Amino acid sequence: MTPLAVPLGPRDPGPVRPDPARLPAAPTTRFAPAPTGLLHLGHLVNALYVWGIARASGGRVLLRIEDHDRQRSLRAHEAALLDDLERLGLLPDTPPLDTLRAGRSAYRQSDDPAPYEAAAEVLRAQGRVYACDCPRAAVLAWRGPGCPGSCGDRGLPEGSPGASLRARLDAGAAGSTADEGDREAFDDLLLGPRDGDPSADGDVTLRDRHGNWSYPLCVVVDDARHGVDLVIRGRDLLDATPRQLRLGRLLGRARPPAFLHHPLLRKPSSAKLSKADHDTAIRDLLEEGATPADLLGFAAAAVGLMDAPRALPAARLEGLFTTSLRGGCSSVLAPSVSPHFSTSAGPDRRVAHSNQWTRPPAGVRSRRRHRA
Ligand SMILES: [Zn+2]
């Protein structure tokens, strides 16, 4: 039996489980993958939080296909992720998977640009929108409001070749109101009070140079139109929250959603898991013989929601977040310990650790084939 390693880096410091008393009642939250690759263990951690918290608090889960980047998104990847979610038992309340498979949907960003065009028009009417042709590298390195080339003052036509569309979010821009400060504050359900400058990394991009409506615009517009009032996502997006709060407010969202930024699974280098890490792709691990419950339990233990990997069926995810489980979560989870997982994680969940998934005996793989 050759061990198949899933090496992980240090866990993010800080709490892993929200105080149940702080969870909003019956929230609408969402699972919103981009179909630019296969579903992997990092997505699974997000799914644990999304489905677990929704089920523990009487809420519902929306599934949104975030394929705003039309050059990188593939329908084949979308089909694969729908199949993977179904195999894992992670079914959204809205929309049914088959309606996404059948064709156009209000929950697939590429199907209808009208909501994003309308939002850009709102910002345009506030005098905030301008075309920018700054080189990508210069934009990525830019800090502070505006853009490297001060394009807001150049009057570049919006349709200029290679130009992106940006919007000022600073309080001093035309159309701002007196109650706008320079910062946006929120109270993260895991991390507590936070605040930040919405323009810290430059003015927000609304549409990229390829004509794609941008992630920050689409996510803010969609969360508002889909009625999402609880955003559950990884900590890599923590710093993006002030700008999204400001953008939402400028677009007329009176009551912002609540936010919960959960820990990430990381590679030994501390980089977050990505779609390029093929050894963590869900369908590959299922093919190797892991069961859906094995993978959910492995992800839960890896992020610190369980003290050790145990089989965790999707129907029991709410147990990760109910009051009775604070400080320990073994009582209502399936007691069987998967023989296919081992972990070297110590009792201190915050220390660097590594997890290892070992290839199961041949009999396990053949059993799966027979069941399928
Ligand atoms: Zn510029």
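The legends below describe close-up views of a predicted model.

**View 1. Helix H2 spans residues 75-88.** The helix has 14 residues, and its first and last C-alpha atoms lie 20 Å apart, close to the 20 Å expected at 1.5 Å a residue. His-77, Glu-78, Leu-81, Leu-82, Asp-84, Leu-85 and Leu-88 are its buried residues. They lie on the same side of H2 because they cover an arc of only 160 degrees around the axis. Arg-75 and Ala-76, on the other side of H2, are exposed.

**View 2. Surroundings of helix H2.** The packing partners of its buried residues are helix H3 (97-102), helix H8 (282-287) and helix H9 (292-303). Just after H2 comes Gly-89, with a positive phi of about 80 degrees.

**View 3. A β-α-β unit is made by E2, H1 and E3.** The unit is right-handed, and its helix H1 covers residues 41-56. Strand E2 (residues 28-31) pairs with strand E3 (residues 60-63) in the parallel sense, over four bridges. Within this pair, Thr-29 has Val-61 in E3 as its bridge partner.

**View 4. An open sheet of three strands has the order E4-E5-E8.** The pairing is antiparallel. Strand E4 (129-132) and strand E8 (204-207) are at the edges with a single partner strand each, so one side of each has no neighbour in the sheet. On average, neighbouring strands of this sheet are turned by 45 degrees against each other, direction ignored.

**View 5. Strands E4 and E5 pair in the antiparallel sense.** E5 comprises residues 164-167, and four bridges join the two strands. Leu-165 in E5 stands opposite Ala-131.

Note on methods: Residues numbered from 1 in each chain as written. Predicted model: local features only at pLDDT ≥ 70, side-chain atom pairs only at ≥ 80, totals over all residues. Expected span 1.5 Å × (residues − 1). Buried ≥ 20, exposed ≤ 12 C-beta atoms within 10 Å, placed from the backbone. Arc of directions from axis to C-beta. Contact = placed C-beta atoms within 7 Å. Pairing = 2+ DSSP bridges. Right-handed = clockwise from strand over helix to strand, strands pointing away. Axes fitted to C-alpha atoms, helices over the stretch in contact; angles between N-to-C directions.
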